[in-house]
Amino acid sequence: MKAEANLEVYRPFTGTLRENPRSAIALWKGGLRVAFRRRLALMLLLAPPAIAAVIFSFVVYTKYALEQGVTPGALGGESVIGKMAGTMVKDLASEALAARKLIVDFHLAMSGFSILLVAWYGAGLIADDRRNGAHLLLFARPLSRTSYVLGRFLTVATFGALGAIVPTLLVCTVAALASPDWSFLRYEGSVVVKTILFGAAWVTSISTFVLAVSSLATRKAFALAGTFGVVFALGAIASLLAKIQREPAWRALSPGMSWARISNEVFAVSSRASRWDAEYAYLSVSVLFVLSCAVIAWRVRRMEAVA
Amino acid sequence: MSAARDAEHRNADQLDAQHRNAEQLDAQHRNAEQLGAKQAGADQAGTNAPILVLDDLVKTYGAVRALDGLTLQLPPGPTGLLGPNGAGKTTLLKLCLGLIGPDSGSARIAGCDPTTTAGRARLRRSIGYMPEGDCLVPGMSGVETVGMLARLSGLVPRDAMTRAHEVLDYVGLDEARYREVAGWSTGMKQRLKLAQALVHDPPLLLLDEPTDGLDPTGRRHMLALVHDLGHAQKKSLILCSHLLPDVEATCDSVVVLSRGRAAASGRIDALVGTARARVRVEVHGDGAAFARELDAAGLAHESAGASAYSVDLPGAELDADPVLAAAARSNARVVAIEPERATLQQAFLRALDEAAIGTTSR
């Protein structure tokens with residue numbers, strides 16, 4: 001039997017309202033709850049970093065195990081398949097120059113992949129709020145624009161961190177535990193710090209950029225197209241200008257190339273991308289960040305006023 | 001086939017439940033009004049400070065003066081906000097929420113100054129806003145939406161969830177509260193909007209077109225809820241609606257805005273009382289001659305069916321002598337004459353006419 005006796009009874013609220021509610025945290029949790037409900041997208045986007053983290057952790061572990069005299073057969077077990085796997089891992093581990101190089105390469109690859117995560121989960125945040133009229137409900141509360149943006153930023157940055165930072169930290173943890181006498185931490189410990197700092201800066205930058213595009217778009221699909229459109233268009237223009245002008249510094253026009261240049265600088269890796277002055281890359285990334293913040297501030301202010 | 005029959009049964013059951021709920025609520029109003037009538041009078045007398053005080057408020061958008069020196073005081077209780085499109089209603093609601101600031105003039109809403117940051121925060125804790133049109137937080141269920149908005153209003157997480165369930169019970173959203181809001185009917189979304197406005201139990205509610213898009217049953221239910229909030233629960237509310245019967249059914253006072261100014265404001269019964277007295281006259285005989293005599297006597301009239309006329313009387317008093325005299329002169333036999341109840345619509349149109357004349361003469 002359905003209990004209808006309590007329907008339509010208004011109960012006054014007898015508790016107290018907080019003067020400074022943690023609005024950004026509430027928004028962040030709400031955003032995560034919604035995002036984790038879409039399980040297929042979550043699985044498709046988080047599975048690659050998870051699988052890659054497991055494989056690289058094993059490779060790093062193997063590297064240190066081999067250094068300590070463990071035989072390849074012992075790595076894969078006594079079966080034929082186990083021995084084959086052990087040999088493959090041994091080859092892979094011995095080809096890599098050092099655990100540091102392995103981890104840096106892995107981190108940069110994961111950072112690149114995290115664009116997909118950030119774009120997928122961030123593109124709709126502000127655009128869909130506006131399209132669905134959620135801003136009318138949100139800004140009628142004691143919610144400041146800063147808290148709103150922070151809440152949305154935390155949501156998207158969480159996915160960026162899950163893609164770019166967490167897998168690398170997992171590999172670093174395995175390296176630290178597998179290395180003899182904590183040698184990884186003693187001699188390559190800066191990689192961990194640099195991974196966290198570079199990852200945080202990268203996630204902040206792309207999350208802000210994606211939110212800025214989202215604030216300009218009317219729906220998620222347009223924001224997704226806009227995000228990738230801008231990234232690819234700037235990349236193409238930067239490459240073209242660098243080629244025509246024979247000046248590699250033009251690559252700074254592309255956020256992707258600028259971040260690649262910065263990563264070379266931070267992790268002291270030399271590659272084709274490091275043949276131009278890193279200051280241009282820092283300038284380019286800073287300008288993009290400031291511009292993104294300005295766009296978000298303008299659009300969210302407008303959202304509040306038209307609410 | 002059996003599935004279709006089951007669905008029909010379920011729909012019928014839901015409709016029955018809604019009817020029962022609305023009837024329960026009607027009964028609840030009557031009881032609450034009877035039981036609390038004396039206390040209500042005492043309370044009103046005790047807390048008669050205006051809920052909204054606007055003084056010479058001006059707000060312009062470029063060359064458009066949305067609010068043009070609006071001066072207004074609203075007493076506590078349910079008040080209807082009326083006005084044609086572009087009258088400044090939306091601007092006034094935004095100002096009440098502190099979403100925009102005035103160019104000049106001062107405002108105090110629920111005792112808070114909406115022009116300061118601290119005042120705005122306090123104001124938004126004191127106001128529940130039910131916006132017009134569809135609004136939902138994407139991807140969330142009903143209870144999650146209300147719970148999150150409760151937290152944003154300042155409730156601690158456990159209180160927020162308890163309170164979300166309480167207000168969803170109150171507006172009559174049952175199991176649907178656990179489903180994603182995007183798939184809900186218009187009526188359910190309207191009730192959800194009311195629930196989120198109530199979740200922090202504010203003393204002042206701003207309701208923008210609460211019956212918009214509702215079927216007759218849903219409309220009756222929503223009006224019953226609004227009436228209950230305004231009368232049995234003693235909430236102050238500003239009901240913005242184009243449907244004058246809704247305002248008349250739920251509000252005690254009304255403000256008519258026209259071109260950014262208050263064209264009329266006061267208690268509905270007083271405003272309707274000052275509307276022109278009107279009678280409905282049914283005659284046998286030469287109706288055309290009767291109409292000519294009414295014209296000659298300067299009595300405005302309009303056809304109200306076969307051989308029937310609605311006639312405006314010269315004063316506010318229901319003095320039908322001039323009508324009877326016109327009938328006598330035209331040799332028409334009056335078979336029925338009855339006062340026509342003045343409606344809020346007449347008062348509203350009259351206020352707008354007077355405002356238009358005032359603007360032209362200025």
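Chain B of this predicted model has a secondary structure that comes to 12 helices and 13 strands. Let's start with the chain as a whole and then zoom in on one of its sheets.

**The chain as a whole**

- Chain B has 362 residues, and 43% of them count as buried.
- Take the contacts in chain B between residues at least 6 apart in sequence: 70% of these join residues at least 24 apart.

**A sheet to look for**

- As a reminder, the strands of a sheet pair through backbone hydrogen bonds, and the pairing can be parallel or antiparallel.
- In chain B, you can find an open sheet of 3 strands, in the order β2-β1-β4, with antiparallel pairing.
- Its edge strands are β2 (64-74) and β4 (104-109) of chain B, and each of them pairs on one side only.
- On average, neighbouring strands of this sheet are turned by 25° against each other, ignoring direction.
- Helix α2 of chain B, residues 89-97, packs on the sheet and touches β1, β2 and β4 of chain B. The direction of this helix makes about 60° with that of β2(B).

**Inside the pairing**

- Strand β1 of chain B, made of residues 52-61, pairs with β2(B) over 8 bridges in the antiparallel sense.
- To see a bridge for yourself, find Val58(B): its bridge partner in β2(B) is Asp68(B).

Technical notes:
Residues numbered from 1 in each chain as written. Chains lettered and ligands numbered in written order. Predicted model: local features only at pLDDT ≥ 70, side-chain atom pairs only at ≥ 80, totals over all residues. Pairing = 2+ DSSP bridges. Helix = DSSP H or I, 4+ residues; strand = E, 2+ residues; numbered from the N terminus. Axes fitted to C-alpha atoms, helices over the stretch in contact; angles between N-to-C directions. Contact = placed C-beta atoms within 7 Å. Buried ≥ 20, exposed ≤ 12 C-beta atoms within 10 Å, placed from the backbone.
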